[in-house]
Structure formats: structure tokens, C-alpha cells
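Subject: Structure for you to look at

Hello,

Here is the structure for you to go through. Please open it first, then read the notes below.

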Amino acid sequence: MRPVLRALLPTAAAVLLLALGIVWLAEGPGATASPADAPTPGTTREVAIRAQAWGFRPRVVRVAPGETLRLAGISEDIQHGLAINDLGVNLQLRAGQVARSPAVTVNLPEGVYTIQCSVFCGLGHASMKAKLVVGSPRAAPGSGAPWIASLLGLAVVVGVAFRAGRPRG
Amino acid sequence: MSTTPGAGLDRRELTRLGPVRRAVLLPSFQFWTVLPTLALVVVVLVSAAVGLEHPSANFGTVVTWIVWWGGLLVSFVLVGRAWCLVCPIGAIPEWLQRLSPWWGSRYTAGLGLPWPRRLRNLWLPTALFVVFVFLDNGYGMSNSPRMTAGLIAVLALGAAWVSLVFERRAFCRYLCPLTAFIGTCALTSVFELRRRDPAPCRNACPTKDCYRGNARRYGCPMGEFPGGGLESNLHCILCTECVKSCPHDNIALRWRAPGRDLWAMSRPRLDGACAAAVIVGLATVVPLLALAFLPELRSLLARLLPAGVPPNDPPRLAAVVLVFGVGLGATLGLLHAASLLSRWASGSARVTTRALFTRYAYALIPVGLSKLLADLLDHAFRTWGVLSNVTSALLLDFPWNRVMPERASATDLLGPLAVYGLQVALLLGGLLWSLEALRRTAPGPAADRASGVASFLPIAGLALVLTLASLWTLGSGLL
Ligand code: SF4
Ligand code: SF4
Ligand SMILES: [Cu+2]
């Protein structure tokens with residue numbers, strides 16, 4: 001078992017370090033965008049959203065239940081989309097051209113909804129998301145999901161490692 | 001054609017089934033498979049060239065970048081390089097070159113020069129693949145109908161020109177920007193074309209028709225020698241020409257352990273391995289870095305470079321180049337480090353780091369492929385309905401595609417959390433697949449369990465890290 005330990009220690013250290021780096025990269029530098037202004041009920045508020053490859057600013061848009069919004073989107077680079085499926089909004093965004101949605105009333109239960117790019121825009125498209133927070137819900141249900149997934153990944157590796165080294169055929 | 005298939009005929013063989021056998025023995029087999037794709041590509045080209053300038057309302061862009069791309073990713077696992085079998089961009093220049101879609105013709109067009117020796121590898125196509133992905137991510141090729149049309153036109157003209165100068169399908173093998181990608185991903189296939197039995201090839205076949213061709217059939221268009229060196233799916237486009245030309249009926253299509261090439265190649269090459277590592281890096285590390293740094297990097301570079309007009313402003317393009325460079329460099333560096341550690345841990349003097357690097361790179365393909373699929377899965381489930389939208393739009397103004405459809409908004413098939421669950425399943429499946437391939441390639445005497453496990457750990461750790469990168473990149477929207 002000596003050789004296994006000798007390999008395990010540097011591997012585990014490197015994996016741990018890189019994993020921390022990954023969590024920081026996914027959550028840290030890109031997540032600095034500020035939330036939108038506080039809602040003022042009774043009027044139509046214009047919410048400005050800027051899109052770039054690959055993300056939105058702001059990353060969190062807060063609205064009051066029943067509030068009426070108009071979304072104004074613009075791209076800072078290539079073409080993107082701005083879709084909130086739950087509100088039936090889907091805008092095409094181009095560089096330097098503001099696209100405005102019709103006024104929409106947020107008749108949604110309190111909760112967190114996804115704002116997403118609706119145009120297949122490249123390698124980072126799948127993570128081009130922002131949040132529409134309606135009211136003041138408790139923590140988003142998905143926030144623990146990457147942690148659970150990571151532990152499952154670790155379990156897969158450990159499982160296969162136990163099979164490794166057996167006579168091959 | 002002789003019908004004494006000899007030894008090696010087994011249950012897994014697909015060419016044993018009557019209908020399959022009749023189909024692949026049909027001289028015009030490939031011709032008929034190309035026709036439908038050709039029709040589709042023509043419609044795509046027209047609508048992308050003159051249709052609506054809207055990426056998710058234009059039939060051409062949606063079919064190319066969602067339907068075709070998604071279909072391509074899935075097809076690797078099922079049928080290897082079968083896209084190349086039906087690809088008109090490769091087939092039509094070949095017909096032109098031999099002045100015949102399928103029958104034996106006495107005349108040929110073109111110079112038939114041999115492809116330069118120095119370029120007989122995958123280095124150039126790997127570089128071209130990176131350029132291709134850069135065009136998409138730097139210039140937004142996949143959401144510009146005109147650029148999509150331009151790409152198809154450039155590829156078609158390039159392939160035609162190359163086939164008139166060089167022999168066989170030189171473009172498809174050595175130049176197409178997708179060939180390194182398609183070839184290495186095809187190693188994951190559950191399906192392969194191989195000779196049945198080495199004996200007739202060695203002892204009873206002076207003519208080697210599978211490579212050279214004969215009066216009725218053509219030699220392998222990809223320049224492979226199925227009777228000899230063919231031991232992976234890397235270059236075989238399943239055109240079935242060799243099935244027809246072999247006088248000993250010694251070529252078979254068969255099922256196999258999924259992705260067997262990932263660990264079982266006897267002479268894996270470094271060029272393909274680097275192609276594999278680049279694909280894995282583009283799928284996993286580069287998107288994470290882009291997510292974290294691209295906007296900040298762009299504003300940083302804006303202080304140094306002229307502003308320009310977005311989206312093609314120098315600061316942004318330079319930032320994308322940097323992210324690509326750092327991401328790919330990091331991937332190759334990590335793979336090298338893992339190979340070093342693994343060699344040291346194995347305690348074996350017989351293996352070289354380079355040999356480990358090469359084998360490991362191929363074995364990591366499922367980690368990259370599953371991420372590319374997971375990316376597309378999100379789009380497919382969250383913007384469902386776009387395909388019927390663009391199809392109805394196309395029918396309103398066929399084939400010009402200039403009329404905006406009455407657009408239903410993007411509709412979900414699944415909520416974001418459910419989609420993430422599916423993505424996790426895919427990514428963990430890819431991880432498991434890579435680990436199984438890595439376990440089979442691990443060096444060291446098979447009897448020594450401890451050193452086998454020891455050498456497996458570092459590379460398994462890297463596979464885990466790459467999967468974590470994907471899990472967190474895709475999960476960042478949920479946080
Ligand atoms: S033509 Fe048939 S028998 Fe001859 S080398 Fe090729 S596969 Fe073998
Ligand atoms: S090996 Fe056979 S099926 Fe494969 S590309 Fe060559 S001729 Fe076609
Ligand atoms: Cu986008």
C-alpha cells in the first residue's frame with residue numbers, strides 16, 4: 001500500500017487546491033455585479049440589462065410581486081438573447097442597440113426565476129444566466145446542487161479507484 | 001463476391017444481417033445517404049445567406065448550430081464518423097475528382113498529387129479546429145446567419161479545390177477544421193469497421209483492393225488500409241467502399257465495447273492525443289475561465305488597445321485569445337503534470353511520460369464530450385419550440401426565409417434545476433466512462449495491484465478536476 005499512499009497525498013492536495021480554485025472562479029470574480037434598483041410599485045419600471053459573452057449585468061434583478069416591468073436589453077459584444085420564459089419575454093440583443101420588451105406584469109409567486117440567453121452563443125452559452133427574484137423568497141433551491149454533484153463525482157472516482165489495479169482483461 | 005466469410009464471424013457483427021449487408025454492398029450506398037443531407041445543406045445555405053438576420057429565427061443557423069451540432073455530438077457515440085459518410089461537402093468533391101458518384105469510371109479529374117508528407121498528421125486540423133471555435137466565440141459565427149453561410153461556402157470551395165489537386169479525400173483527412181474533432185470523438189463509438197481475420201490479408205491478397213481499389217471499386221478515400229493498419233475509428237468515415245472492394249469479403253461492421261479505441265489502440269499517436277486534450281480543454285477549462293474573467297479582461301485590455309466597434313473590438317478579441325491560450329495551456333500543462341506524477345507513482349521504468357500523456361489524453365475524451373452535450377442539453381430544453389418556429393417561418397417564404405414568424409416565446413420543457421440534474425448525470429457518466437478507459441490504460445505490471453492503483457490516482461484526479469470545472473460552470477447560474 002506504500003505506493004498508493006505516496007501517489008494519493010500529492011494527488012489529493014492538488015485536487016483540493018484546484019477544486020477550491022474552481023468554486024472561486026465560478027462564484028467569485030464574475031458574480032460581483034450589483035442588484036438592480038429597489039422596486040417602486042404602481043409604475044412601469046424599466047430594467048436595464050447588459051449582456052456580454054458570457055453573462056448578464058446585473059446578475060440579480062429584484063422585483064415586487066405584481067410589479068409591471070419593461071426590460072431593456074443591450075449586448076456589449078456578439079448577438080445574444082434575453083429570455084424570461086416565465087414571463088413570456090424573449091428579446092434579441094445586438095451590440096449597441098437597445099431592445100425593449102412590452103410592459104409585462106409579474107404575476108408570479110414569490111421565488112427565483114431564470115433569466116437566460118436564448119441564442120446559442122458559444123462555449124459559455126449554457127452558463128449565461130441571471131436571476132429574477134420576485135419578492136423575498138428564502139434561499140434559491142438550487143444553490144446546494146453543485147456541491148452535491150461534486151461529492152457524487154468524488155464518489156465515482158473513489159469507486160473506480162477500488163477497481164483499478166485488478167488484473168486487466 | 002466470395003461468400004466464405006471464414007473465421008471471426010460473430011454475433012456482434014452487423015454485416016451479418018441481411019438488410020444491412022445488402023445495403024452496404026450496394027455500389028450506390030453512399031450516394032443515397034448523401035442526397036438527403038445535400039438537400040438540407042442547400043436549404044440551410046440559402047436561408048443563411050439571404051434569410052432573416054436573426055440567429056434564432058433563421059432556419060439555417062438553428063439547423064446548423066443546434067440540430068446539426070447536437071446530432072453530431074450524439075452520432076459520435078452511436079456511429080463514430082458517420083457524419084462524414086453523409087457530408088456533401090466531402091462527397092461531392094470526391095465525385096468530381098473521380099468523375100462518378102459511384103460507378104467505376106475510366107476518367108478522373110484533377111492532378112491526384114500525394115498530400116505533403118509533413119502534413120500527414122492532425123496538427124494542422126487541430127489548429128484549424130481551434131480557429132473554428134475561436135471564430136464562433138470571438139466573432140459570433142454561430143449566431144450570424146451570414147457568417148454561417150460563409151463558413152459552409154468556404155468549406156465547400158476548399159474541399160473542391162483540394163480534391164482537384166490532391167489524391168483521395170485529402171481535405172477530409174488532413175484539412176477539414178472538424179476532422180480532428182470528429183475523428184477523436186469517433187473513438188467513443190459503440191460501432192466499428194474492421195477486417196474479420198488477419199490471415200487472408202497477409203497470405204492470400206496480393207492486390208490489397210481495400211487500399212488500392214480495383215476495376216469496379218475505389219480504394220479507401222481516407223487513405224486507410226483496412227486490411228492492415230486500421231485499428232481505430234480515427235479516420236474511417238464508414239463509406240463502406242472497402243466492404244465492397246475486398247475480394248475475400250473480409251471487412252465487417254460490428255458492435256463493440258463502447259469507446260474501445262480510447263484504451264485499446266496499440267500505437268496511439270501524439271497528434272491525435274493533443275487534439276483530444278484541446279477538445280477537452282475547450283469544453284471544460286476555457287468556458288470556466290471565460291465565465292470568470294472575460295468581461296474584466298476586456299475592460300483591462302481596453303486601456304491598452306484601441307476601442308474599435310463591438311463585437312469585433314480589439315480588446316474583446318484579445319481577451320478571447322488570452323482566455324483560449326491560458327485555458328488550453330492549463331489543460332495541456334495539467335495533463336502533463338498528471339502523467340509525470342503517474343509515471344513516478346507507477347515505479348516502472350518501462351513507461352515514458354510521453355506515452356502516458358498520449359494514452360491519457362484519448363481516455364479523457366468522454367469528459368469533454370459529455371460537457372459539450374450538457375451545454376446543448378440546456379439550450380434544447382430551455383428554448384424548446386424554436387425549431388418549429390423556424391420551420392414554419394421557412395415555409396412562409398421557402399426557401400428564402402425572409403419572413404419573420406409569429407413567434408411563440410421560448411418555452412421550457414424542463415425547469416432549470418431539472419435540466420441541471422440531467423447535466424450532472426451526463427457529466428458523471430462521462431467521468432465514469434473516462435475513468436474506466438483510464439483504468440484500462442494504466443501502466444505497470446497488471447499483477448501488481450498497488451502500483452496499478454498508484455499510477456491511476458493522479459490522472460483520475462485530473463478527470464475529477466475537469467468534471468468539477470464543468471459542474472460548477474453549469475451550476476453558476478443556479479447559485
Ligand atoms: S482487400 Fe481484403 S483481404 Fe485484401 S488486404 Fe484488404 S481487407 Fe485484406
Ligand atoms: S476504411 Fe473502408 S469504410 Fe473506412 S473510410 Fe476507408 S474505405 Fe471507407
Ligand atoms: Cu448569449
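Buried means under 20% relative accessible area, exposed over 50%, and partly exposed in between, with a 1.4 Å probe and protein chains only. This is a predicted model, where local features need pLDDT of at least 70, side-chain atom pairs count only at pLDDT 80 or more, and totals for chains, interfaces and linings use all residues. Residues are numbered from 1 along each chain as its sequence is written, chains are lettered from A and ligands numbered from 1 in the order in which they are written, and side-chain values use heavy atoms, without hydrogens and water.

Salt bridges

A salt bridge is a side-chain nitrogen of Lys or Arg within 4 Å of a carboxyl oxygen of Asp or Glu. Over all chains there are 26 of them. In one, A:Arg45 pairs with A:Glu67, with 2.7 Å between the closest N and O atoms. These two residues are 22 residues apart. A:Arg45 counts as buried because its relative accessibility is 7%, and A:Glu67 is buried at 3%.

In chain B, B:Arg169 and B:Glu94 meet at 2.9 Å, N to O. They lie 75 residues apart in sequence, so the pair ties those parts together. B:Arg169 is buried at 4%, and B:Glu94 is buried at 6%.

Copper site

Which protein atoms are the donors of the copper ion (ligand 3)? They are A:His80 (ND1), A:Cys117 (SG), A:Cys121 (SG) and A:Met128 (SD), at 2.1 to 2.5 Å. Donors are N, O and S atoms within 2.8 Å of the metal (3.2 Å for Na, K and Ca). Both A:Cys117 and A:Met128 are buried.

Regards

How values were computed: Helices (H or I, at least four residues) and strands (E, at least two) are DSSP runs, numbered from the N terminus.
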